[in-house]
Amino acid sequence: MALTKRERRLRIKRRVRKSISGTAERPRMSVFRSNKQISVQIIDDITKKTLLSISSLAKDFVEKSGNKTEQAEFIGQAIAEKAVTAGISEVVFDRNGYLYHGRIKSLADAARKGGLKF
């Protein structure tokens with residue numbers, strides 16, 4: 001029997017998360033993508049704490065017009081700015097089982113331009 005899209009993504013997520021872990025020096029940048037929104041968290045897995053988070057539901061981004069890919073670019077730039085001001089320069093990118101194209105790719109590229117190293 002064929003897997004649903006969600007089951008397939010969760011399998012990929014579990015497989016990738018076996019090898020990815022965030023530390024205090026190099027935290028994990030996890031991306032969640034829904035049909036309408038996108039959000040990013042920077043997580044220290046050792047202490048199990050979320051260091052930074054941002055979402056397209058934030059007041060700063062609600063008035064921004066544009067398609068979902070452009071919203072992802074805004075979020076990528078914003079998380080990079082917040083991370084650099086918090087003293088985080090290197091992260092481990094966790095795409096959370098999503099394919100690396102479209103919104104995920106534009107978010108990652110914008111975060112790289114903002115100063116984060118993956």
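Aspartate 109 sits at 30% relative accessibility, so it counts as partly exposed. Keep in mind that this is a predicted model. Its partner is arginine 112, and the two form a salt bridge with the closest N and O atoms 3.3 Å apart. Arginine 112 is partly exposed too, at 40%. Both residues lie in helix H4, residues 103-113. They are three residues apart, about one turn of the helix.

Next, the network. Salt bridges with shared partners join Arg17, Arg28, Asp45 and Asp94.

Take one pair from that group. Aspartate 45 and arginine 17 meet through their side chains in a salt bridge, 3.7 Å from N to O. This pair links distant parts of the chain, 28 residues apart. Arginine 17 belongs to helix H1, residues 5-17. Aspartate 45 is in the loop between strand E2 (38-44) and strand E3 (49-55). Buried or exposed, where does aspartate 45 fall? Its relative accessible area is 15%, so it is buried. Arginine 17 has 28%, which means partly exposed.

Now another pair. The side chains of glutamate 90 and arginine 26 form a salt bridge at 4.0 Å, N to O. Which parts does the pair tie together? Glutamate 90 is in the loop between helix H3 (68-85) and strand E4 (92-94). Arginine 26 is in the loop between H1 and strand E1 (28-33). So the bridge ties together parts 64 residues apart in sequence. Glutamate 90 is partly exposed at 34% relative accessibility. Arginine 26, at 33%, is also partly exposed.

And the total? The structure holds five salt bridges.

Key: Residues are numbered from 1 along each chain as its sequence is written. This is a predicted model: local features need pLDDT of at least 70, side-chain atom pairs count only at pLDDT 80 or more; totals for chains, interfaces and linings use all residues. Side-chain values use heavy atoms; hydrogens and water are left out. Helices (H or I, at least four residues) and strands (E, at least two) are DSSP runs, numbered from the N terminus. Buried means under 20% relative accessible area, exposed over 50%, partly exposed in between (1.4 Å probe, protein chains only).
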